[in-house]
Every structure is written in C-alpha cells, then in structure tokens.
Amino acid sequence: MKDANQAGRFIVAGMVLLLAASATCAGMFLLRPDKADFTFCNGTEIKTVDPALVTGQPEGRVVWAIFEGLTSYHPQTLEPLPGVAESWEISPDGRTYTFRLRRDARWSDGRPVTAEDFHWSFRRLLHPETAAEYAYEMWYVTHAEQYTAGRVEVGDPVEIELPDRPPGSPPFARGTVLYGRLLAVERPGDAAAANAAPGLDGSHEADDANEGANPVYVVEIDGKRRRFQRASAVPRDPSAEDYRWLLYDFRGVGIRVVDRDTLRITLNHPVPYFLEIVGFYPMAPVPRHCVERYGYPDWTKPENIVCNGPFVLKSRRIRDRIRLEKNPYYWDRDRVRLNSVDVLAAESAVTGLNLYLTGSSDWIPSVPNEIVPDLLRSGRSDFRPAPYLATEYYIFNTRRKPLDDPRVRRAIAMAVNKQEIVARVLRSGQIPAESLVPADIAQYVDYQPPRCEPYAPDRAAALLAEAGFPGGRGMPRLELLYNTHESHQAIAELLQSQWKRSLRLDVRLTNQDWARYLASRRQGEFWISRAGWIADYLDPNTFLEMFTTGNPNNHGGWSNAEYDALVAAAQTEARPEVRMRLFRRAEAILLQEMPLIPIYWPVTRNMVHPRVRGFYANILDIHPLKDIWIDMSGSTAATP
C-alpha cells in the first residue's frame with residue numbers, strides 16, 4: 001500500500017474533478033504549520049463541548065476525548081471498561097450500582113475528581129433549566145424523571161429555589177435553596193385540586209375550568225408552613241412567597257455520595273445496559289468550580305475549560321479546527337500515545353477526501369458517494385466500510401396539519417423508493433430500511449423488528465386521496481429540511497422528485513448548517529426533516545424510546561398512549577423474551593402510524609491511514625482517541 005501522499009494515482013477522472021472543485025475549500029485546513037500527531041475530519045463545526053448539551057456524533061467524538069465518565073468503551077468489542085470508576089458492584093436485584101472512583105483521577109488543573117463531582121454533574125444534567133436532551137437516559141434512576149419534569153405530589157420532599165440571585169449575577173447562578181415537605185397544592189377557587197401534581201411552569205393537572213390558574217404550594221420547612229406562588233400568578237395570593245424553581249428534592253433522587261471516592265446509584269428497575277449509559281458522553285462529569293465561575297458557554301472556551309479526559313482543549317478556530325493536547329493529569333496518561341490531535345470542521349466529504357489524499361488528514365469518517373464503487377473495486381485496505389447499528393430516516397412534524405393525519409404520513413412514506421436511493425445516490429452497501437430498529441440488532445439481542453409498508457406509489461396516491469388530497473390537490477407546500485452534506489442534498493432532491501412523480505406534491509428543500517439544523521428540529525420549525533440515530537447501546541430501547549410522548553428527542557411531537565405503555569412495560573420487564581415481544585408490538589404501532597420514514601441502514605465509510613493503529617471497525621462507529629497511535633516504524637500494513 002502506498003502512503004497517503006502517493007495514493008492519488010488510483011483516482012479516476014471524475015474523482016479528479018471532485019478534488020479540483022474542493023481545492024479552494026480545503027486550502028483553509030492546510031495552513032497550520034505545527035502539524036498534530038493525528039488529524040481527522042469531523043464532518044461539521046460542532047455546536048458545543050458541554051457534555052450535558054451535546055447530542056450529535058461530531059460533538060461526541062470531541063467530548064469523549066476531553067472528558068471521561070464512570071465507564072468507557074473497549075475500542076473493538078464496545079464492552080464497558082473502567083473509566084473514572086476503577087470498579088463497581090451491582091446488587092443482587094440489579095437495581096443498585098456502587099462505583100469506586102480512582103484516587104488518582106484528576107481534573108486538568110490538578111484537582112481530584114470526586115464522587116461529589118459526579119453527583120453535581122448529574123444534578124445539572126437532570127435539572128430542567130439545563131434542558132439536556134439526553135437527561136431521559138438517566139430517568140432509570142429513582143425519582144430522576146420527577147426531578148427533571150418538575151412533577152411533585154403532596155407528601156414529597158421538595159426543594160425551592162428563591163429568586164434572590166445577587167444583582168449582576170450571571171444567569172447560571174443559583175438563588176437560595178430551601179428544603180421541605182409539600183403539604184398541599186391550592187388553586188384559587190378549587191379546593192379539590194389540593195392533591196394534584198404540578199408541572200414545570202407551576203401549573204398542575206386539573207379540570208379545564210381551572211386551566212391557567214397558578215397554584216399555591218404549601219410547604220413545611222423547619223416545622224413551619226410557608227406558601228409559595230409565582231410572582232406573575234393571577235390571581236396572586238399576597239401571603240405567598242415568590243420562587244424560581246420548585247422541584248422534587250434532589251437529595252431524594254437515587255444518586256448518593258457515600259464518600260469522596262464512592263458513588264451509589266439506585267435504579268427503578270434493572271437496566272441491562274446501564275454500564276454503557278454511564279459511559280455515554282452526556283454522562284461525563286463537568287468541573288463545578290469552572291462552570292460556576294464562568295458560566296455557559298464561557299466555561300467551555302479553551303482559555304477557561306477544565307477537563308478530566310485523556311486530552312485537553314488547547315485551542316479552537318471556528319470553521320477550521322480544534323487542537324487537542326495530551327492531558328498531563330489524566331490517570332492513564334502513560335497509555336495515551338498521541339501528544340496532539342487536530343479535529344477539522346470540514347463538512348464536505350469531497351474536501352475531506354482531498355485533505356486525506358494530500359496527507360493533511362489521517363482519518364475521514366466518510367467519502368463522496370461517487371467514488372465508493374472505485375474504492376471497492378480497487379480493494380484499498382485503507383477504505384474500511386463496515387456494518388453500523390444506525391438508521392437514517394425522516395421525521396414528520398405531526399403538530400402541523402395535514403401531517404397529523406396518519407393516512408397522509410403513510411402515503412408520503414409509501415411513495416419513497418428506498419432502493420432507488422441506495423442504488424443511485426449511496427452505492428456503498430447501504431440497505432433500504434424496513435423498520436426503525438436496524439435488522440442487524442438480531443446479531444446482539446433476540447429481536448426481529450416488524451416491517452413497515454413497502455414502496456407502493458399507487459396505494460400511496462389512493463391513501464392520499466382518501467385523506468382528502470386527490471392528486472395532491474389541497475396539500476400545502478411541504479418543506480424538507482436537511483443539514484449540509486452532499487449525500488443529504490442528493491437524497492433530498494431524489495425524494496422531492498419521487499413525491500412529485502407519485503403524489504404530485506410540491507416540496508421545497510431547505511439546507512441548514514449543523515447547529516441551525518439541530519435548533520430547527522428541537523424547536524419544531526420544520527415540516528419534514530432528515531434525521532439519523534446511532535445506537536447508544538445494544539438494545540432496541542435506544543431507538544424506540546425516542547418516540548415516546550415528551551421524549552426530548554421526539555422532535556416531531558408524535559404521541560400514542562399504547563406505544564408509550566408498551567415501551568414502559570418493556571423497560572421494566574426482566575424476562576428477555578417478553579421484553580422483546582413488547583418492543584416488537586410497540587414498533588409495529590410506530591410503523592403503522594408512521595411519524596417517521598425509515599430510509600436506509602448505513603454502513604461506516606472510514607478511510608484510515610495505514611500507519612494508524614488502535615482504530616477498529618465496530619457496530620457503533622466509536623473510536624476512542626485514547627487508543628489510537630501512529631506507527632512510525634515504516635510499516636504500512638493496514639492492521640490495528
């Protein structure tokens with residue numbers, strides 16, 4: 001195998017044209033004189049490195065490099081390995097995990113990483129003010145969901161944050177926090193509402209006649225009854241004190257600091273993949289002393305940030321690169337063989353390929369679709385396509401008419417020729433998706449997903465007519481949202497053509513950069529949006545939980561009570577065969593209601609320089625930088 005700067009000889013004429021077109025874009029990435037030990041293209045400009053706010057794979061790669069959770073992942077098998085926790089014990093009933101932290105775990109400023117750091121970070125992740133989209137992953141912990149949802153009942157322990165932040169305080173500062181027991185919930189004019197449960201905005205479930213009224217919470221604090229109500233409440237109880245947050249007392253949530261180096265977590269029920277969850281990047285600890293001093297986003301800036309992972313964030317140049325450097329305080333620093341890493345914010349796969357072929361990048365996670373057949377025919381050992389437990393799909397915004405009608409959604413879905421998409425656009429071994437949960441999950445757990453309705457344009461047109469839109473007449477102009485990438489654009493254009501051809505639908509395409517696209521989805525500012533999901537762990541729940549009512553990742557707003565009940569039952573079911581039957585019934589409902597269109601099951605398309613070691617193909621496409629190193633012996637055999 002030739003090394004990277006000689007590898008251009010294999011490129012076909014069409015590929016040369018692609019490279020020429022990308023030369024100007026790639027030039028900005030070639031200007032750094034101090035080359036890092038390892039450089040890779042990350043696919044986009046990341047939105048943040050705050051673990052609690054991260055949702056995407058590009059951000060995850062960086063967060064996993066600079067932070068470390070209780071566990072980590074084996075780079076090849078993905079089994080949970082000790083991270084900050086050097087060991088753990090699981091109770092016989094599978095509900096209690098006791099983690100023993102390393103005495104030599106340190107923040108990058110030399111301070112020890114303690115159990116209190118994890119306790120505080122989990123509270124921050126779960127607090128409703130943080131609005132963390134992955135908070136629900138920790139709702140397996142006792143009372144954690146109550147805390148995030150702001151749901152309390154009479155008799156519950158509560159914490160009340162007062163609106164007494166000092167003048168000039170940054171928005172992240174906390175006011176005085178009081179602790180007590182909720183005695184009653186009083187709503188003006190409705191004594192019967194006293195035992196109802198409040199929500200985040202201070203309201204609680206009651207009959208429609210009282211909708212909009214703000215309750216008064218009667219709380220016993222230090223043996224005294226005190227009354228709390230929003231200052232903006234109408235009518236206002238003059239005897240009530242104002243408050244900022246009234247939540248379930250976090251001291252009652254199942255996360256306990258036993259001592260400096262021991263953390264105990266208690267779950268509602270056994271969760272077979274909980275060790276994988278606490279190793280997931282949103283669960284990484286953050287430095288309280290840094291967050292409280294600078295606030296968000298300033299605490300994440302290179303000049304302020306404090307980390308606990310194998311690398312530190314040395315510098316960041318927007319739309320160019322992030323420079324990571326080895327963390328001298330990391331507990332396992334002797335095994336970290338890279339001293340510096342550059343993370344390039346190249347969105348274009350063509351630009352990434354140009355950087356790779358010119359020796360400016362050692363790893364690119366994707367290649368242009370046009371050259372995949374040539375790469376496969378050439379048998380290049382540095383091109384490493386592999387199976388991937390992920391699904392590419394489109395979601396409907398079911399809050400918008402007529403997409404709230406399942407018949408309209410099913411019609412649009414049945415008019416999608418997925419085989420045409422994988423054959424004309426992707427051409428890398430992707431498989432047309434017949435379900436949300438990838439069929440390959442059956443290699444790891446005993447789950448066979450049900451199938452959605454096949455491509456049937458005539459049936460789709462008839463169903464659309466049944467919904468009141470014969471020949472597409474009367475349908476509003478739809479908008480298809482996708483984030484910047486050549487493949488996403490090509491697929492969107494083909495979908496636009498298919499829907500026009502089969503259903504006479506008028507669809508406008510909207511392309512947004514990564515950060516804006518994520519915001520649009522989160523805020524529900526779309527009609528139909530591209531989406532993708534990579535399994536967080538090897539269980540159907542990682543896909544199906546997303547579409548439960550109120551899940552932060554359920555951006556389309558779909559809701560089905562039976563589906564919710566089945567997923568909830570599966571989560572608590574101890575018998576594996578029963579769990580999988582419940583999940584299958586839930587997914588069958590999902591595929592009948594069609595709040596999404598499964599498009600294809602992807603494969604990874606990594607190109608990795610032959611001198612790179614410690615890089616393994618795995619089903620989740622996770623490649624810890626801690627385990628990667630460069631073989632400078634002269635060998636170019638493409639082995640790990």
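A polar contact is taken here as a pair of N or O atoms within 3.5 Å, where, within protein, one atom must be able to donate a hydrogen and the other to accept it, and where residues adjacent in sequence count only if both atoms are side-chain atoms. Helices (H or I, at least four residues) and strands (E, at least two) are DSSP runs, numbered from the N terminus. The structure is a predicted model, in which local features need pLDDT of at least 70 and side-chain atom pairs count only at pLDDT 80 or more, whereas totals for chains, interfaces and linings use all residues. Residues are numbered from 1 along each chain as its sequence is written, and side-chain values use heavy atoms, with hydrogens and water left out.

Helix α10 (residues 418-426) is capped at its N-terminal end by Asn417, a side-chain oxygen of which lies 3.3 Å from the backbone nitrogen of Gln419. Just after α10, Arg427 adopts a positive phi of about 55°. Within the helix, Lys418, Glu420, Ile421, Val422, Val425 and Leu426 are the buried residues, where buried means under 20% relative accessible area, exposed over 50%, and partly exposed in between (1.4 Å probe, protein chains only). These buried residues of α10 pack against β19 (431-432), α12, β23 (596-601) and β24 (603-608), contact being defined by heavy atoms within 4.5 Å.

The axes of α10 and α12 (residues 486-503) come within 10 Å and cross at roughly 140°, where axes are lines fitted to C-alpha atoms, for helices over the stretch in contact, and angles run from 0 to 180 degrees between N-to-C directions. The two helices α10 and α12 are therefore oblique to each other, given that angles under 35 degrees count as roughly parallel, over 145 as roughly antiparallel, 65 to 115 as roughly perpendicular and the rest as oblique. The crossing of α10 past α12 is right-handed; a crossing is left-handed if the near helix is turned anticlockwise from the far one by less than a right angle, and right-handed if clockwise. On the α10 side the contact is made by Glu420, Ile421, Arg424, Val425 and Leu426, and on the α12 side by Ser487, Ala490, Ile491, Leu494, Leu495, Gln498 and Arg501.

A search of the whole structure finds 45 salt bridges, a salt bridge being a side-chain nitrogen of Lys or Arg within 4 Å of a carboxyl oxygen of Asp or Glu. One of these joins the side chains of Glu129 and Arg165 (3.8 Å, N to O). Because Glu129 lies in the loop between α3 (115-126) and α4 (144-149) and Arg165 in the loop between β6 (157-161) and β7 (177-186), this pair ties together parts that are 36 residues apart in sequence. Glu129 is partly exposed, at 36% relative accessibility.

The side chains of Glu133 and Arg522 also meet in a salt bridge (3.2 Å, N to O). Glu133 is placed in the loop between α3 and α4 and Arg522 in helix α13 (residues 514-522), so the pair ties together parts that are 389 residues apart in sequence. Glu133 is buried at 8% relative accessibility, whereas Arg522 is partly exposed at 39%. A further salt bridge links Lys301 with Asp298, the closest N and O atoms being 3.2 Å apart; Lys301 is partly exposed at 37%, and Asp298 is partly exposed at 32%.

Two strand residues were examined individually. Arg530, in strand β22 (residues 528-534), is buried at 9% relative accessibility, and its side chain makes a polar contact with that of His488 at 3.4 Å. Residues up to four places away in sequence aside, Arg530 touches several others, including Glu392, Tyr393, Tyr394, Tyr517 and Arg521. Ser72, in strand β2 (residues 71-73), is buried at 18% relative accessibility. The C-alpha atoms of Ser72 and Gly83, 11 residues apart along the chain, are separated by 5.1 Å, and the side chain of Ser72 reaches the backbone oxygen of Pro82 at 3.5 Å.
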